[in-house]
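Here are my notes on this model, as numbered points. Please read them with the structure open.

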Amino acid sequence: MILPALIAQIQQRFSHQKRARVCLWFDPQGEFERLLPALATHLQQMKAAPFRLLAYDPKRKHGQLWLRRQVSLATKGLPPEQARETRFLIYLPLAEERLDSPDEQGRHHLELLTEYRIAGVRWLVGGKRATLFNFLKTAGVSLPETPGEQRQLVEGGAESLLAKYTAKFQDRPAVFWEQRLTPDLAQSRLVGDVDQTVLDLAVQPEATWASLTERGVLDEFLAAMRDRFNFTTETDNPVLWVGAFVEALALTEAFLGYGEPADFPFLNRLPPPRFRDSHVQLLRRWLRDANSRPAWDRWVAQVEQHINLTDWARGRSGLSFGFPHLARLRWACFRERFATAAGKWSEVRTLVESEAQMLREEADYARASQTPAGHWALFLGVAGFVETCEKGRKAVQKAKSPGELAQVYCEFAGTIDRAHAQLKATAEEHDVPEVVALVDRGYGDYANDLNQRFFESFTADESLDIPGVPFVTDRLDAQVWSAGGRRAVVIVDALRYDCALALVERLRGQDVKVEALRAMLPTRTPIGMSALLPKELAPTRLHVEKNELHPQADGVDTSQRANRLELLKKFGATCLEIGEVEGAKMPPEKTRDLLVVFGHEEVDSLGHSNAEALVRHLDKELERIARVVKRLHQWGYPEVNVVTDHGFVLVAADQLPPEVPVKKEWCVALKERFAIVPAGVDVPLKTKPFLWDASVRVAVPPGTAFFKAEKAFSHGGATLQEMIIPRLVSRGRVQIRKIGVEVLLPAYELTRAAVKVLLRPKASAGAPAGELALVSDQPRDVQLDVCRADEAGSVLGGKPKSVRIEPAAGEVAVTLFFDSKHSFKQGELLLLQIRDSETDEQFPPGGITLKIGRDF
C-alpha cells in the first residue's frame with residue numbers, strides 16, 4: 001500500500017505542473033531514507049514507471065553534478081516529445097534552505113539545482129513540506145491523535161519508530177494499516193516477541209545482540225524493556241546486560257513469592273510495584289521453556305554466587321522458583337515433613353492433600369530443568385498412589401468371590417501394581433528412600449489384603465476356575481491356534497497383567513485389547529509355557545526329577561523350549577527367536593500364516609537375579625516388546641497376540657507374611673511358592689488339583705507367603721498377580737509406518753551461532769505389493785545434531801536435540817544453539833544431521849550442509 005500511495009502523490013504533483021520534469025523531495029530528518037531501496041525496486045518492476053528515482057548521496061559521489069548528468073543522459077538522443085515526458089524524482093536528505101545557502105559547516109549548498117526549483121516542482125503534502133507522518137495520514141494510515149503519542153512515533157528522524165515501522169511493513173495491504181498505529185504497537189511489531197528476544201539473548205547473548213543491532217531495532221528493544229520491566233543498565237555488553245536482568249527477575253519473583261515481606265534483604269534492587277507482575281510472568285514462562293531453561297539455570301547459578309537467601313527464607317512460608325537454592329531448601333523441608341508423616345497413612349494423606357497445589361506447581365516449574373532442585377513429581381505421584389491404595393483396599397473388602405476379587409485386581413492393576421513399580425524405580429533413581437519405603441508398605445498392605453482374601457475364597461473348594469477369567473489353554477486354542485488367516489504370537493516370560501496394560505499406550509494407532517486369562521497352577525515357567533501350547537499338544541503327565549517339574553506330552557518333555565518349538569513347527573507354525581525379528585531389515589521370505597516369536601525372558605531373568613534392577617528396567621523391555629509387535633504388523637500380520645506363562649509377586653521382603661512351615665517328606669517337589677504333593681496323602685496344607693496328572697496335587701501357601709524364603713520377586717503360587725495373566729491382541733487393518741519428515745531451513749548461510757530448522761510431517765506413500773493395503777502414520781522420534789564438515793563431534797551444547805514428529809501436529813520449529821566454546825570462520829561448512837532415534841534413518845539422506853556467513 002505505502003509505495004503505490006507515495007508514487008500516486010508524486011504523480012499528482014507532476015500533474016499540477018505538466019511541463020515540470022523534475023520533482024524535488026526534501027527530507028531533512030531522513031524519515032523516508034529507509035524506503036528508498038524498496039521504492040527503487042518497485043519502480044524497476046513497473047511496466048511503465050511514471051518517473052525515475054535519483055538520490056543525493058555525496059558519500060557515494062552522487063552529488064549535484066552527478067544528478068544533473070543522470071537527467072541529461074536519460075534524455076539524450078530521445079525525441080523532444082519523449083524527452084519532455086521523462087520525469088525524475090530527486091531525493092534530497094536536506095532542508096529546502098540548502099537551495100539558498102550551505103549548512104552551518106558550509107556544506108551541501110544546492111546552488112546547481114536551482115534550475116529545478118524554478119522549472120520543476122517540490123513534493124508537498126497539503127501544501128506543506130512532506131513529512132512521513134503527514135504523508136501516511138493522507139495515505140489513509142490510522143495514526144494517533146494525541147501529541148504525546150505522535151511525538152513518540154516521529155522522534156529520531158531516520159531512527160524513529162515511524163520510519164523503521166513504515167520501511168519494514170511497506171508492502172502490507174491497506175487492511176493492515178487500518179489498525180491505529182500506536183507507539184506500543186509499532187514497538188512490538190518491530191522488535192517482535194520481547195520475552196522471546198530475552199530468552200534468545202540468554203541462550204546466545206552476543207549473537208542476538210548483534211542481530212538486534214544489524215536489524216536496527218536494538219534501541220526499540222531496550223525501550224520496550226524499560227517500558228515493560230523498568231529495566232535499564234548503562235552497559236552495552238550483552239553478557240553483563242543478561243546477568244543484571246536475570247538477577248532482577250529472580251529477586252522480584254522471590255520477593256513476591258514470599259509475600260512481599262518488609263525485611264526482604266534486597267528491597268533497593270526491586271522494580272516499582274507496577275512492573276513486578278511482568279517480571280514474574282516472564283520468569284515463569286522462561287522456567288517452563290525446555291529450550292531456554294538450561295540458560296536460566298546457568299545464569300542464575302552465577303547470580304547465586306553473590307546472592308543467597310537461604311538463611312533469610314528458612315522457616316518462612318513461600319513459593320518462588322527462580323532461585324534453585326530456595327527450591328532446594330523447600331525440597332529438604334518437605335522431605336523432613338514427609339519422613340515424619342510416613343509412619344501413618346492418615347498423616348501422609350493429610351500432608352499430600354494439604355500440599356497438593358504446592359507439589360503441582362513445584363513439579364511444573366522443575367520439569368524443564370536438566371538439573372532440578374528436587375523431584376517434586378515423585379511426591380505428586382505418591383499423593384495419587386496413597387489415595388488409590390485406599391480405594392483398592394476398600395474394594396477388596398467388598399468382594400466376596402474369586403471372580404469379584406479378580407475384577408478388583410484387574411481394575412486397579414494399572415493404578416496400583418504398575419504405579420508401585422514406577423514410583424519405586426523413580427524414588428530409587430533419585431535416592432529418596434522414604435518414598436521407596438512408603439510405596440512398598442502401601443503396596444504390600446494392598447497386595448496382602450487382596451491375596452489373603454483370594455486365597456481363602458479360591459481354596460474353599462476343588463474348582464480351579466475363576467469366574468469371568470477363561471483358562472489360558474482353552475482361550476488360545478479357540479481363538480489363536482484354531483483360527484485362520486495370518487496371525488502372530490509373541491511369547492513373553494513373566495509378563496504381569498499391569499505390564500500388558502502399559503503396552504497399550506505404546507501401541508497407539510492399533511486396535512489393542514487386553515483380556516485377563518487364568519494361568520496354570522503352579523505358576524512356574526515349565527508349566528505355564530506348556531499351558532500355552534495348542535490343546536492337542538497339552539501334557540498328560542507330570543514327571544519330577546531333582547525337585548524340577550517336567551510335564552510330559554506323549555513322551556515329550558515340554559519343560560524344554562526346544563521340544564515345545566518342535567511341537568509348534570509340526571503344528572504348522574514358523575518359529576523365530578525375538579532377536580531374529582528385531583535384527584531383520586526385511587521380513588523372512590517364507591513364513592507360514594502362523595508365526596510364533598519366542599525367547600523374551602529378560603523380565604523373569606532380571607527378577608530372579610535382582611528385583612530392584614527389574615523395576616528400573618521394566619519400561620525398556622515394554623518398549624522392546626512394542627517394537628516387535630509393530631514390526632510384525634509391518635510384515636503383514638494383521639493380528640498379533642502377546643501371551644505369557646505367568647505373572648509375578650513383587651512385594652518388599654519386610655512386607656511379606658511369615659514363612660509357612662512344611663515338611664520336605666510330604667512333598668514330591670518343594671519350591672518357595674508351591675509344593676507338589678501326592679494326591680492320596682493328607683497334608684495340613686491347602687491344595688488344588690493338578691490338571692494334567694490326577695496323581696498329584698498343588699499345595700500353595702496363603703496369599704503372598706512362602707514355604708521357603710524367597711526374594712522380593714517370585715512366582716509359582718496362587719496370588720492374583722501370578723495367576724491372572726494377559727493376552728494382548730493388537731489388530732490392525734492398516735500398515736503401521738512412522739511419519740515421514742520433510743526438512744526446511746529458512747537459511748542455509750548462518751550469521752549467528754544457531755540454526756533454525758522446520759520439521760514438517762510427511763504422509764507415507766501406499767504400502768508395497770504384498771503388504772497391507774492401507775498405511776497408518778505413527779509418530780517419529782528424531783535427533784538433531786550439528787558438526788563441522790571436516791571433523792566429528794557436535795558443536796551443540798550437551799546432547800543432540802530430541803524431537804517427536806506427530807502426524808497431525810503440524811510443523812515443528814526447532815532452534816539449535818551452538819555451544820559458546822566454539823568459534824566459526826566465514827565460509828566454514830557445517831553438517832546438519834537429523835536421524836531417527838530408533839532406526840538411525842537420516843533426513844534427508846546424507847544430511848544438510850550449512851555455511852558460516854560471518855566470523856563469530
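1. Burial. This is a predicted model. Of the 856 residues in the protein, 53% are buried.

2. Secondary structure and overall form. The protein has 30 helices and 31 strands. Its radius of gyration is 39 Å, whereas the globule rule gives 29 Å for 856 residues; the value is well over the rule, so the protein is more spread out than a compact globule. Along the principal axes, the C-alpha atoms fill a box of roughly 130 × 75 × 50 Å.

3. Contacts along the chain. Take the contacts between residues at least 6 apart in sequence. Of these, 71% join residues at least 24 apart.

4. Main core. Nonpolar side chains tend to be buried together in soluble globular proteins. Here the largest nonpolar core holds 187 residues. Which of them touch the most other members? They are Trp123, Phe323 and Ile724.

5. Around Phe323. Set aside neighbours within four places in sequence. Phe323 is then in contact with Ala250, Leu251 and Ala254, and also with Val300, Val303, Glu304, Ile307 and Leu309.

6. Second core. A separate core of 28 residues is also present. Among its members are Val492, Val581, Tyr637 and Val640.

7. Surface and charge. The protein exposes about 39200 Å², and carbon and sulfur atoms supply 48% of that area. Side chains count 111 positive and 114 negative. The centres of the two sets lie 5 Å apart.

Methods: Residues are numbered from 1 along each chain as its sequence is written. This is a predicted model: local features need pLDDT of at least 70, side-chain atom pairs count only at pLDDT 80 or more; totals for chains, interfaces and linings use all residues. Side-chain values use heavy atoms; hydrogens and water are left out. Helices (H or I, at least four residues) and strands (E, at least two) are DSSP runs, numbered from the N terminus. The radius of gyration is taken over C-alpha atoms; the globule rule is 2.2 Å times the number of residues to the power 0.38. Buried means under 20% relative accessible area, exposed over 50%, partly exposed in between (1.4 Å probe, protein chains only). Contact means heavy atoms within 4.5 Å. Accessible areas come from the Shrake-Rupley method with a 1.4 Å probe; for residues, only the protein chains shown count as cover. Lys and Arg count as positive and Asp and Glu as negative; His and the chain ends are not counted. The place of a charge is taken as NZ of Lys, CZ of Arg, CG of Asp or CD of Glu. A nonpolar core is a set of buried Ala, Val, Leu, Ile, Met, Phe, Trp, Tyr and Cys residues joined through side-chain atoms within 4.5 Å.
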